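Here are my quick notes on this one, as numbered points. Have the model open while you read.

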Amino acid sequence: MSKKVIRSVAPIYAVGVTWLVWALFLPLYAPLHFAAVAVASAVVFVLARKIWPDRSFTAPEEEKETPKTEPKTAKEETKKEEPLSPEITQLLAERDRALGEMRRLNDSIADEKISAQIDHLELVTGKIIDHVAQNPTKLPQIRRFLNYYLPTTLKLLNAYDRMDSAGVSGANIDGTKGRVENIMDTIVKSFDQQLDALFGDEALDISTDITVLEQMLAREGLGGTQMPG
């Protein structure tokens, strides 16, 4: 609770009326006249304060609003953002460069099958690198992919794009384009296998858990599916 005071304005009005009445009915041009009306105003002000005193009352204290924050989940509270290692930072930069090059090639190459294959490669490449960025211990598993498969694929697609843009037919151009087209299915499969391999440990853990669970259920007599009679 807090005490609040409302000042009365009546004394101020009374002083103003005093000056007005004095100016109308009494002389007000010499210093003595101003001194006299000042004294009279002070007397009137004191009397008016007694007649119309200030009012005070007790008011409840205003509650201070605290900013509302969304409750954090247990995962968010325990999770601490750690700075990326130089290797992961370089990995993400390589991802952005490779995906950008695939998009450029996709826009340039008119062949629908090649274009669809590039779309798939772009998607899988992003998933591979993002998974390793979240699981840095798996970085050694994709060294060959990063150092050979990915750059070589981009090199072949760039060669295909240059020859396709030449706009002429010939043994060298047609032969090279044909060989790139033929190997694209194998490249797509190799990228898929690389992504699948990253989940090998997880798949093994799940398989082990399932085996143990099946054995425990079997001991409890719950291993088979019973048909309703």
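This is a predicted model: local features need pLDDT of at least 70, side-chain atom pairs count only at pLDDT 80 or more; totals for chains, interfaces and linings use all residues.

1. Isoleucine 173 sits in helix α7, which covers residues 171–197. Helices here are DSSP runs of H or I with at least four residues, strands are E runs of at least two, and both are numbered from the N terminus. Isoleucine 173 is buried because its relative accessibility is 17%; buried means under 20% relative accessible area, exposed over 50%, and partly exposed in between (1.4 Å probe, protein chains only).

2. Numbering starts from 1 along each chain as its sequence is written, and side-chain values use heavy atoms, with hydrogens and water left out.

3. Overall, the protein has eight helices and two strands, in the order β-α-α-β-α-α-α-α-α-α from the N terminus. Of its 229 residues, 26% count as buried.

4. An unreviewed UniProt entry lists residues 5–25 and 31–48 as "transmembrane region"; such annotations may be inferred rather than shown by experiment. In the model, residues 31–48 are 100% helix and 0% strand, with 25 Å between the end C-alpha atoms.

5. Now look at helix α8 (residues 200–219), where aspartate 205 lies. With a relative accessible area of 48%, aspartate 205 is partly exposed.
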